[in-house]
Amino acid sequence: MSDKTIPYKIYLNEDEVPKAWYNLRADMKNKPAPLLNPGTGKPLTAEELSPIFCEELVSQELDDTTPFIEIPEKIRNFYKMYRPSPLVRAYCLEQKLGTPARIYYKFEGNNTSGSHKLNSAIAQAYYAKKQGLKGVTTETGAGQWGTALSMACSYFDLDLKVYMVKVSYEQKPFRREVMRTYGASVVPSPSETTDIGRKILAEHPGTTGSLGCAISEAVEVATKNPGYRYVLGSVLNQVLLHQSVIGLETKTALDKYGIKPDVIIGCAGGGSNLGGLIAPFMGEKLRGEADYRIVAVEPASCPSFTRGTYAYDFCDTGMICPLAKMYTLGSSFIPSANHAGGLRFHGMSTILSQLYHDGYMEAVSAEQTSVFEAAEQFARVEGILPAPESSHAIRVAIDEALKCKETGEDKTIVFGLTGTGYFDLVAYQKYNDGEMDDVIPTDEDIAASIARLPKVPR
């Protein structure tokens, strides 16, 4: 199809929004390794997970065989507020780069939370309300997940306690205030309000925190307060399931115009955005129906894919959560205070880890000054100020387009623009003032953390 017939923005009709989530695990020959009970070393049962997660979410977490899971009507009705989201042809960026490549991005920032996180937040809040719970607890890195969950909990009249990574709590006060506006209580993590928080502070005085720290605190509070459960914005199977709406919409939009991507790129912290974006494309790849080059982009300051170890590890710094087999830097690894707070997690989704281990996808890391250079280049020609997390994907999309310029190849590149960066202006200020640096962990830093991995029997 001629480029002239393809609009800048490809919108789906309301009735084309998916009515079922796609469970990628159903098509995986090698299933993700099961979560283990850290006490017994045996696979966790639904009964053991129920005190932590909502019952229906436990069912989704453990389901490796059902390919499609129906989206409840109340969730679909909420999705109508901001879905379908647009698939945008980056014509201006292509022209600026002088590349023959065609670049598309799926924009998930067209809601008040400013990110894709709302897709799973509303689902998890729905199941908590359906179970009759009083409220939920959670962690948040840069604040996108906490913001989204505060909106979802407000919608269903649920109490919400958020543990926000301390560096982001201090860097992003306005996102914190959005959460409070929607009724959430927000605590910088690690904090003095929990046993595990006090322990972490004693071991790491002055620490800026990490997602692993915040997870530990949120889980502790959920398990000690009747009527509460813990919910997570990334990493878990259930979250990648809910986020599959991103990829399903993307594929439907591309199919409308007969477009087949050559390269699909997503930022990777815990895996929610990347897993959601690639889901239907990876499904085709696993079934042998099509082939795509899929690239995960992570921060060089927290490189779990590119420099981590594939092993069982705790999902949290406090070592109270289940063990997950994933690419990890070790649960005791606390990354530098980089500005992509949503990517500062020591591990990776078990689904994506298995796919990466089996060779179905690639991974690269990017330094944050290079990432912000790409973010500003994108903002100046495409008119959207991207989130630091999203900008990792932009960096590699631009690099791929420039390679096409050198070789003359007219590849089709698709990347996920997870959200906007209007609450990240401190980061942009640091970059513009020349005060941003690149802190990359040494081999010794990583080795010291890896050495503390739990011993798990084969």
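This is a predicted model: local features need pLDDT of at least 70, side-chain atom pairs count only at pLDDT 80 or more; totals for chains, interfaces and linings use all residues.
Local features are given where pLDDT is at least 70, side-chain atom pairs count only at pLDDT 80 or more, and totals for chains, interfaces and linings use all residues. Numbering starts from 1 along each chain as its sequence is written, and side-chain values use heavy atoms, with hydrogens and water left out.

Start with the open sheet: seven strands in the order 1-4-5-15-10-11-14, with mixed pairing. Strands here are DSSP E runs of at least two residues, helices are H or I runs of at least four, both numbered from the N terminus, and two strands pair if DSSP finds at least two bridges between them. At the edges, each pairing on one side only, sit strand 1 (9–10) and strand 14 (362–366). Strand 1 runs antiparallel to strand 4 (residues 87–89), joined over two bridges, and isoleucine 10 stands opposite leucine 87 of strand 4. Helix 17 (residues 388–407) packs on this sheet, touching strands 5, 10, 11, 14 and 15; contact means heavy atoms within 4.5 Å.

Now for the cavities, sets of points on a 1 Å grid over the protein atoms alone where a 1.4 Å probe fits but cannot get out. The count comes to five of 30 Å³ or more. Residues lining it, with an atom within 4 Å of a point, include Phe53, Tyr230, Cys315 and Phe345. Its lining divides into twelve nonpolar residues, no polar and no charged, with Tyr, Cys and Pro counted as nonpolar.

Definitions and conventions:
Axes are lines fitted to C-alpha atoms, for helices over the stretch in contact, and angles run from 0 to 180 degrees between N-to-C directions. On a 1 Å grid over the protein atoms alone, a cavity is a set of points where a 1.4 Å probe fits but cannot get out, and a pocket is an open set with protein on both sides within 12 Å along at least five of seven lines; lining residues have an atom within 4 Å of a point. Grid points are joined across faces, edges and corners, and a volume is the space filled by probe spheres set on the points.
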